[in-house]
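Below are my notes on the side-chain pairs and helix contacts of this entry. Please read them beside the coordinates.

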Amino acid sequence: MTTTGVSPAADILRARIAVVVAFAANGLAFASFISRTPAIRDTLGLSSGQLGLLLLCLSGGAVTGLPLSGPLVHRLGPGRAVLAGALSESIGLALLVVGLSTGVVAPAAIGLVLTGLGTGVWDVAMNVEGADVERRLGRSLMPRLHAAFSLGTVAGAVLGAASAAAGVPIEVQIIMVAALIPVVATVSTRRFLPVQESTPEQKAAGSGALTAWREPRTLLVGLLVLGFAFTEGSANDWIAVAMVDGYGGGETIGAVAFGFFVTAMTLGRLVGGAALERFGRVAVLRATAAIALAGLLLVVLGGSTPVALGGALLWGVGASLGFPVGMSAAADDPARAAARVSVVSSIGYTAFLAGPPLIGLLAEHVGILRALFVVLAALVLGLLASGATRPLPVTEPATR
């Protein structure tokens, strides 16, 4: 379906609800099986090292999907691209179940590649749609959408924990999620905004994916997302370990610290839109970088568990807005949004691949608390690149 005009207000409001559902469903689908990685390891009889290699298939699929998603969204539109990603993820999870049921690693590995591929395409497509809805609403929306993703991961983790507590076999849980994903994606994407017809110039230019990789602003926004993603990901992976190994706390304290971080980050995304509308992207990003820096220093140098827990809260707030604001900035020009969001996502997601092993390697030599000082470099990178998020000049004739 195509249109040459702006969607009516009712269509925009329905699209806003639909894209919230798409973000939440993406988070739930991911967390519902990743929360049960110990069961995956035990069912397949893997060592921790072998499990790491298996999970690398998931990351490899996602990294492959991200750069491909720009041309795919350009060709199919965000709604169909989300559905394609959901179908790939559903098939991948089904293959994972085949591997778990037979005890054979190969189908599980192929399944995780397809799952990661679908996740990457789904991620870029829903960000493009979210940025379009945000632009037409005329107010900040992306932080709330990423908060919906975070809430979806919480729901997925609760589903995994409840299934494990109830003795539900992991194969049953995963196949239920695999069946649910395409249904939710189909229903939600029907409410996405109608795809606007491309101008002859836009059709001749194609997706612009290669051109986007040569744009200084797009690359700087990618570095901004990389810095904030590293700041976020390092806390996700290591803040619980820091409380246990660095402060001698038990696993409960580690879990509390992680809970403090993700709760603060989710709340920061829920309320960050008002700050962005009042003060602008650049000022808010610089302020959040400073807040994250304060939280990091309290965790690393606080000297006591209560102080470090307070640092976890500040760290979460400070890390909350970099990723969603970077997606908004990449999609400022709707005609180039798909290609630019794809590039920015590809750059940003390298933080989630490189961060955990880098900090782990440093921790083996200097201890986990000192290893976390590497996050300072990520924060400086995000701070220096924040100016690239200034909104592009509005050029209505070129973007319709």
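1. In the model, which is predicted, Arg 286, Ala 289, Ala 292, Leu 293 and Leu 296 of α12 meet Val 375, Leu 376, Leu 379 and Leu 383 of α17; contact here means heavy atoms within 4.5 Å. Sorted by class, this contact holds 8 nonpolar, no polar and 1 charged residues. The classes are nonpolar for Ala, Val, Leu, Ile, Met, Phe, Trp, Tyr, Cys and Pro, charged for Asp, Glu, Lys and Arg, and polar for the others, Gly among them. Helices (H or I, at least four residues) are DSSP runs, numbered from the N terminus, as are strands (E, at least two).

2. The axes of α12 (residues 281-301) and α17 (residues 374-385) are 9 Å apart, and the two helices pack at an angle of about 170°. Axes are lines fitted to C-alpha atoms, for helices over the stretch in contact, with angles running from 0 to 180 degrees between N-to-C directions. The two helices are therefore roughly antiparallel to each other; that label applies over 145 degrees, with under 35 roughly parallel, 65 to 115 roughly perpendicular and the rest oblique.

3. The crossing of α10 past α14 is left-handed, meaning that the near helix is turned anticlockwise from the far one by less than a right angle (clockwise would be right-handed). On the α10 side the contact is made by Arg 217, Val 221, Leu 224, Val 225, Phe 228 and Ala 229, and on the α14 side by Gly 322, Phe 323, Gly 326, Met 327, Ala 329 and Ala 330. By class, the contact of α10 with α14 comprises 9 nonpolar, 2 polar and 1 charged residues.

4. How many salt bridges does a search of the whole structure find? The search returns 9, a salt bridge being a side-chain nitrogen of Lys or Arg within 4 Å of a carboxyl oxygen of Asp or Glu. Side chains of opposite charge can pair when their charged atoms come close.

5. Asp 132, Arg 135 and Arg 136 form a network of salt bridges. Arg 135 pairs with Asp 132 at 3.1 Å, N to O, and Asp 132 pairs with Arg 136 at 3.2 Å, N to O. Both pairs sit in helix α5 (residues 105-137): Arg 135 and Asp 132 are 3 residues apart, about one helical turn, and Asp 132 and Arg 136 are 4 residues apart, again about one helical turn. Asp 132 is buried at 15% relative accessible area, whereas Arg 135 is partly exposed at 32%. Buried means under 20% relative accessible area and exposed over 50%, with partly exposed in between (1.4 Å probe, protein chains only).

6. Which parts of the chain does the salt bridge of Arg 336 with Glu 215 tie together? The closest N and O atoms of this pair are 3.2 Å apart. Arg 336 is in the loop between α14 (322-330) and α15 (337-366), and Glu 215 is in the loop between α9 (209-212) and α10 (216-247), so the pair ties together parts that are 121 residues apart in sequence. Glu 215 is buried, with 13% relative accessible area.

7. Arg 340 is buried, at 11% relative accessible area.

8. Ala 109, in helix α5, is buried at 17% relative accessibility. Apart from neighbours within four places in sequence, Ala 109 is in contact with Leu 54 and Cys 57. By contrast, Ala 165 in helix α6 (residues 142-165) is exposed at 71%.

9. On conventions: residues are numbered from 1 along each chain as its sequence is written, and side-chain values use heavy atoms, with hydrogens and water left out. In this predicted model local features need pLDDT of at least 70 and side-chain atom pairs count only at pLDDT 80 or more, while totals for chains, interfaces and linings use all residues.
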